[in-house]
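Hi everyone, thanks for making time. Let me put the structure up, and then I'll walk you through a few spots in it.

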Amino acid sequence: MQTFRVELGPASHPVHVGSGILGELGRLAADAGLRRGRVAVVTDANVARHHAAAAVAALEAHGFAPSLITVPAGETSKSASVLETVYSRMIEYGIDRAGAVFALGGGVVGDLAGFAAATYMRGIAVVQVPTTLVAQVDSSLGGKTAINHPRAKNIIGAFHQPRAIVADVDALTTLPDREFREGLAEVIKYGAIMDEAMIGDLERDLERILAREPAMLEAVVARSLRHKAAIVSADEHEGGLRKILNFGHTVGHALEASAGYGLYLHGEAVAIGMAAAAALSQAHAGLSADEASRLVRLIEKAGLPAGLPPAARAPQFAEALRMDKKRADDTVDFVMLERLGRAAIRRLSFEQLLSAIAS
Ligand SMILES: NC(=O)c1ccc[n+]([C@@H]2O[C@H](COP(=O)([O-])OP(=O)(O)OC[C@H]3O[C@@H](n4cnc5c(N)ncnc54)[C@H](O)[C@@H]3O)[C@@H](O)[C@H]2O)c1
Ligand SMILES: [Zn+2]
């Protein structure tokens, strides 16, 4: 197991990454200072089938009295109505201010349960127990929680730092292949923006990662979270530095919105977005052609798409890009690479951006 701290002053907290550590959830929660007593374990139907019993048993073994709250799997559970059922169950069960929520699942459960904890009785403790690769390398760390509104994603939310993050890489063995590969896009992102050696290690170890060897997963998840922790510590509320985490996301979000939600998984759209950003970085930030193609090869080797689809030339794509990023002065702050392992923000006019993408 690897353990390190996210340094956030009074909101500092430990991160544990390892194989089989779900069985230690009770001990790790007690070590984090949580009161033994009534707690909620929020999960979704898929995760419940594989991992809820182990989490509940691990908590009971250390004097916690967990109530399991299972929501339907999928993005639609990040809604006000599902949130209300979570609150109802917490009230019925008698969770009080010293209680806690365990968010056992992917980013959907992490965001929903995290927001429930942020708001229930004006905020109670949450422990993030991520079970997808996306959640283990990205969404569990940083304190961002949210639900969706029918008209906008993640529009109702709060910053609420977890008391601990417990990422058991064994949970990833039950994750469907496409969702696993999707998470690798965010892993590659960390290498691209801040750790060139990580790109080399990924090139070397990718087969073993795809085979989900526990030691490989522990190494890759811990390294990713350490990188995210460093950025979040320096910029807890997304003032500046944290923007580099959006590498690949400007084009990615526009693709998600314009190609029709559901066509691409988020990580797949980000993979395409990173390849597009690498091309732009050659023209505007000094990335070499060799480095750009090295990044694209790694994306493809991970089984992710890298080429812009025809949809990126449709007016809906331009419209989605404009909606997402338009500033008052019609420019876009775009995350580029000066070289592999070093990100830089370059301001482009919207027209420059669109014409580069169309070429
Ligand atoms: N808060 C943040 O900083 C942040 C960052 C990135 C993404 N997000 C949010 O995260 C969400 C996406 O997260 P996600 O990709 O983890 O999606 P998800 O939570 O929907 O999980 C994907 C699928 O995998 C299933 N699943 C989860 N763990 C499993 C396991 N171990 N075995 C088998 N099946 C499992 C889920 O039931 C679901 O069907 C989005 O809502 C996004 O907005 C938040
Ligand atoms: Zn992302």
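This is a predicted model: local features need pLDDT of at least 70, side-chain atom pairs count only at pLDDT 80 or more; totals for chains, interfaces and linings use all residues.

Let's start with H51: a polar atom of its side chain sits 3.5 Å from a nitrogen atom of ligand 1. Residues are numbered from 1 along each chain as its sequence is written, chains are lettered from A and ligands numbered from 1 in the order in which they are written, and side-chain values use heavy atoms, with hydrogens and water left out.

Back to H51, which belongs to helix α2; helices here are DSSP runs of H or I with at least four residues, strands are runs of E with at least two, and both are numbered from the N terminus. Is H51 buried or exposed? It counts as buried, because its relative accessibility is 11%; buried means under 20% relative accessible area, exposed over 50%, partly exposed in between, with a 1.4 Å probe and protein chains only. The side chain of H51 also makes a polar contact with the side chain of T174, at 2.9 Å. By polar contact I mean a pair of N or O atoms within 3.5 Å; within protein, one must be able to donate a hydrogen and the other to accept it, and residues adjacent in sequence count only if both atoms are side-chain atoms.

Now, what else is around ligand 1? K153 has a polar side-chain atom 3.0 Å from an oxygen atom of the ligand, and a polar backbone atom of V108 is 3.1 Å from a ligand oxygen. On its own, ligand 1 exposes 860 Å², and the protein buries 86% of that (areas by the Shrake-Rupley method, 1.4 Å probe). In total, 23 residues surround ligand 1, T174 being one of the closest; to be in that group, a residue needs a heavy atom within 4 Å of the ligand.

Last stop, the zinc ion, ligand 2. Which residues are its protein donors? They are E186 (OE), H249 (NE2) and H266 (NE2), lying 2.1 Å from the zinc ion. Donors are N, O and S atoms within 2.8 Å of the metal (3.2 Å for Na, K and Ca), and since water is not among the atoms, sites may look incomplete. E186 lies in helix α6 and H249 in helix α9, so this pair ties together parts that are 63 residues apart in sequence. Both E186 and H249 are buried.
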